[in-house]
Amino acid sequence: MGYNINEKGYYGEFGGAYIPEMLYPNIEELQLNYLQIMAEPSFKAEFDQLLKDYVGRPSPLYFAKRLSKKYNTKIYLKREDLNHTGAHKINNTIGQILMAQRLGKTRIIAETGAGQHGVATATVCALMNMKCIIYMGEIDIARQAPNVARMKMLGAEVRPALSGSRTLKDATNEAIRDWINNPVDTHYIIGSVVGPHPYPDMVARFQAVISEEIQWQLKNKEGTTKPNYVIACVGGGSNAAGAFYHYLEDINVNLIAVEAAGKGINSGKSAATSVLGREGIIHGSKTLLMQTNDGQITEPYSISAGLDYPGVGPMHAHLYTSGRAEFISITDDEAMTAGLELSQLEGIIPAIETSHSLAIFNHKQFKTDDIIVINLSGRGDKDLQNYIDYFKI
Amino acid sequence: MNRINQKLQEDKKLLSIYFSAGYPNLNDTVSIIQDLEKNGVDMIEIGLPFSDPLADGPTIQESSTKALSNGMTTEILFDQLKGIRQNVTIPLIIMGYFNPILQYGVEKFCKTCKVIGIDGLIIPDLPIDVYNEQYRSIFEAYGLINIFLITPQTSIKRIQFIDSISNGFIYMVSSAGVTGSSSGFREKQTTYFKRIADMKLKNPQIVGFGISNNETFTQATAYTKGAIIGSAFIKHLTKEGINSISNFTNSILN
Ligand SMILES: Cc1ncc(COP(=O)(O)O)c(C=O)c1O
């Protein structure tokens, strides 16, 4: 037992709740109640039912025959792209909207980068008839227009974050400020395994359905619950946390976290937080983050808006420093190429975030009989324009 | 005795002013501090700018961003403040977010504060349990008072706890919100100020957030020891520059 959260809200030395006093009542309320609420039979029943009938779970574990042949190994894709709204993000928003209801909240706020989490939040707010406000950096609003339209159609208000660098980090700041301004009726649905304790753990638990399913699905197909490798891309780290969750303590299962190198680790335009970051505090959590020597948080870069975050969840900071997971960084170009390859080998257009994890095969040699599970975190509809522009299709 | 404790013993309502160091210009810090003291301000909070000030509204965010683009760093701020105690006697507090302090090194930060003559720190995102377990002994070794915040949502039990571990004053956030967001106090705030006053805490309270003129200063201090003004002063600096600070302090005090 060394890689999951401890009773004080830390993964090793990472995590905690570094929050201003204004947020203390809300965070304390969550800390004191989230495990109990999640353990209630009625909560579990409603969560499971919605994941099944509304999200479409279990998501298939698909054996990618042509991809496997090309790289001479056994590759399974965990099809989170087939979830309602097109990514893993909805596992978390379903869980958190039920949590918000149990806590008596009536107003929901969220941040979003690529817009996937914003859409997943707007969706569950429509489902549960809750007021929904999504903060999104002004720059991201421009580069993810289809998702902005989807959120609006779902009844959410999209508020541009105009401060700082006007991307995901600033949208998160604005959401936190909104919560400070509205401490009583509002629940903040964070979109990844980031933020103050208990968010990283709560989000990881909602996403843990991914590895729970992988276990029995793989058992049916391969006669074992344990793959040799589980691979996932890491922005904040929620889809990776979900895919790794039930394997964290089983060191026979190798975990690989794929980060966005952007234009290259040393190019000054990168989002590879584990390599480029140092220990510090971001959005209420002690973790690794990209910053100046003076402790100012710097702006990351990636072609994928969903990996464009200067921090990483505290679980992943711990997996990195403890060596439990291997961290690999993939450039924009490598990711785009891998996305095109999957499209043409398997007929699946992945989200650009996900394309990063698919680029692993040009970085790492696997054995013929290795069983590899890649978490296919999302589909590429939202990124079509980016692919078109990149490949001049 | 620490200058903060000394000041709190004076028989008057205290006016404390916050500004972002390095704003409007990189090297305005010392002259702003001197002018504030000259014009009757009792205490100053020197804001150490941060890229992501979570508890601050647009005014302080913008002054922070400007200060950083002017080139302000922790090192430069300390350099500017080096001789400050030759002619400034009022309490000086540094207010900043935890990450820049952590990167500078908490012990080195505290040590430099002591050498310069800083009396206290306000670090909104340094949680009390972490402070008590890891940093309290360092702060105390360098004679620094750590100021804690309470808000209208803080439970009575927690207020009593915060009072028990405080030495100096309690920073009372006037209403639920980030800095600069309220305009004028309503009955709700006055009731809250009175409710806290009736608790008869061992530490005096100083109110911050939402104070912008003589009226709000008077309301805020009716039941408390003093008030802190941030955003309104920064707006004044933005509009008038650093040469008419007396106009601002007069508008508050008279
Ligand atoms: C499809 C997809 N994958 C991955 C991510 C990255 O987030 P996380 O690291 O929390 O899984 C995002 C974020 O928007 C996403 O949309």
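This is a predicted model: local features need pLDDT of at least 70, side-chain atom pairs count only at pLDDT 80 or more; totals for chains, interfaces and linings use all residues.
Residues are numbered from 1 along each chain as its sequence is written, chains are lettered from A and ligands numbered from 1 in the order in which they are written, and side-chain values use heavy atoms, with hydrogens and water left out.

**Confidence**

I read an ipTM of 0.95 and a pTM of 0.97 for the model.

**Between the domains of chain A**

The contact (heavy atoms within 4.5 Å) involves 32 residues of domain 1 of chain A and 35 residues of domain 2 of chain A. The two domains of chain A bury about 2,400 Å² between them, 57% of it on carbon and sulfur atoms; buried area here is the accessible area (1.4 Å probe) that two parts lose on being put together, summed over both. On the side of domain 1 of chain A, the residues that lose the most area to domain 2 of chain A are A:His88, A:Lys169 and A:Val193, together 26% of what that side buries.

I then looked for a salt bridge, that is, a side-chain nitrogen of Lys or Arg within 4 Å of a carboxyl oxygen of Asp or Glu. The count between domain 1 of chain A and domain 2 of chain A is one, and I noted that the side chains of A:Arg143 and A:Asp308 meet in a salt bridge at 2.8 Å, N to O.

**Between chain B and chain A**

I recorded 36 residues of chain B in contact with 34 residues of chain A. The area buried between chain B and chain A is about 2,700 Å², of which carbon and sulfur atoms give 54%. B:Asp52, B:Leu54 and B:Gln103 supply 22% of the area that chain B buries against chain A, more than any other three residues.

I counted three salt bridges between chain B and chain A; A:Glu21 forms one with B:Arg158, the closest N and O atoms being 2.6 Å apart.

**Backbone checks**

Most residues other than glycine have a negative phi, and most peptide bonds are trans, so I listed the exceptions. A cis peptide bond joins A:Arg57 and A:Pro58, with omega about 0 degrees, and A:Pro58 is found in the loop between α2 (41-55) and β3 (61-63) of chain A; helices (H or I, at least four residues) and strands (E, at least two) are DSSP runs, numbered from the N terminus. In chain B, the peptide bond from B:Tyr23 to B:Pro24 is cis, with omega near -5 degrees, and I placed B:Pro24 in the loop between β1 (14-20) and α2 (29-38) of chain B. A:Arg166 is not a glycine, yet has a positive phi of about 60 degrees; A:Arg166 sits in the loop between β7 (157-161) and α8 of chain A.
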